[in-house]
Amino acid sequence: DDIYYWTSGPSAAEYADLLSTSQIIIKTVEPTAQVVLAATAGTNLPFLDGVLRALQGSVGFDAAAAHPYHWSDVTGCLTAAPGELHAIELPGSGTALVNLKGGLLRQQQLFQDHGFGWPDLHITELGWPACGFDRPAYVSLQQQADYLRQVHVSATTDPELAFVRGLLWYANRDWALVPGDV
């Protein structure tokens, strides 16, 4: 629920203003500090497009973050494999089918289209829930390990993903649906 993160509701213009103001203050206090554009939950290109339009080409960040979660179009849950195609919403209108890499490349292209080049990207949250049980809404522990390995190898060896500078796994322990169910 977006209201959980921004109580007045998500606003690309308000976030761009917050980012610009923060960047000025941070750089005044510590000129070498890295200001990172915050990530959205999943690949939200329309919101990012709004932020970049509101920045109007002005410098407001040194790098960007991503939480490239994608939900399986089959189950509707956070179980899609890194290579599995899923629909993402495009700026303006329409959708595109992309895998995890394709979503990252589309995000970077949006920065390029708005005159920000291809900033360093930090994947600051990524993962798949497992819980270790055979539930249709979750992946197995083996799938979880395989998916994380696939993303790590791709992010560190694929020349097209050379802009990825960091990768953080969301949690080292899954959240349980039922108390004591870990």
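Let's begin with the second largest pocket, which has a volume of about 170 Å³. One caution before I go on: what you're looking at is a predicted model.

So, which residues lie nearest the centre of this pocket? They are Thr-43, Trp-71, Ala-87, Ile-88 and Glu-89, out of 14 lining residues. Two elements give two or more residues to that lining: helix H3, which runs 45-55, and strand E3, at 86-89. E3 has the largest share, with four residues. If you sort the lining by class, you get seven nonpolar residues, five polar ones and two charged ones.

Let's stay with Thr-43 for a moment. You'll find Thr-43 in the loop between strand E1 (36-37) and H3. Is Thr-43 buried or exposed? Its relative accessibility is 16%, and the cut-off for buried is under 20%, so Thr-43 counts as buried. Setting aside residues up to four places away in sequence, Thr-43 touches His-67, Pro-68, Tyr-69, Ile-88 and Gly-103.

His-67 is on that list, so let's go there next. His-67 is in a loop too, the one between strand E2 (63-66) and E3. His-67 is buried as well, because its relative accessible area is 17% and buried means under 20%. What is His-67 in contact with, once we leave aside neighbours within four places in sequence? There's Ala-39, Thr-40, Ala-41, Gly-42 and Thr-43, and then also Thr-124 and Glu-125.

How many cavities of 30 Å³ or more does the structure hold? Two.

The largest cavity has about 130 Å³ of space in it. There are 18 residues lining this cavity, and those nearest its centre are Ala-39, Thr-40, Leu-48, Ala-65 and Gln-107. H3, E2 and H4 each supply at least two residues of the lining, and H3 gives the most, with four. By class, the lining of the largest cavity has 12 nonpolar and six polar residues, and no charged ones.

The second largest cavity holds about 30 Å³ of space. Here's Thr-43 again, lining this cavity along with Pro-68, His-70, His-86, Val-98, Asn-99, Leu-100, Gly-103 and Leu-104. Here H4 gives the most, with three residues. This lining has four nonpolar residues, five polar ones and no charged ones.

Last stop, the packing. In soluble globular proteins, nonpolar side chains tend to be buried together. In our model, the largest nonpolar core has 37 residues, and those that touch the most other members are Leu-37, Leu-52, Leu-55, Phe-61, Leu-104 and Phe-111. Which elements each supply at least two residues of this core? They are H2 (12-29), H3, E2, E4 (95-98), H4 (100-113), E5 (120-126) and H5 (141-157). H3 gives the most to this core, with five residues.

Take Leu-52 as one example from that core. Neighbours within four places in sequence aside, Leu-52 is in contact with Leu-37, Gly-57, Phe-61, Leu-110, Phe-111, His-114 and Phe-116.

Terms used:
Residues are numbered from 1 along each chain as its sequence is written. This is a predicted model: local features need pLDDT of at least 70, side-chain atom pairs count only at pLDDT 80 or more; totals for chains, interfaces and linings use all residues. Side-chain values use heavy atoms; hydrogens and water are left out. On a 1 Å grid over the protein atoms alone, a cavity is a set of points where a 1.4 Å probe fits but cannot get out, and a pocket is an open set with protein on both sides within 12 Å along at least five of seven lines; lining residues have an atom within 4 Å of a point. Grid points are joined across faces, edges and corners, and a volume is the space filled by probe spheres set on the points. Ala, Val, Leu, Ile, Met, Phe, Trp, Tyr, Cys and Pro count as nonpolar, Asp, Glu, Lys and Arg as charged, and the others, Gly among them, as polar. Buried means under 20% relative accessible area, exposed over 50%, partly exposed in between (1.4 Å probe, protein chains only). Contact means heavy atoms within 4.5 Å. A nonpolar core is a set of buried Ala, Val, Leu, Ile, Met, Phe, Trp, Tyr and Cys residues joined through side-chain atoms within 4.5 Å.
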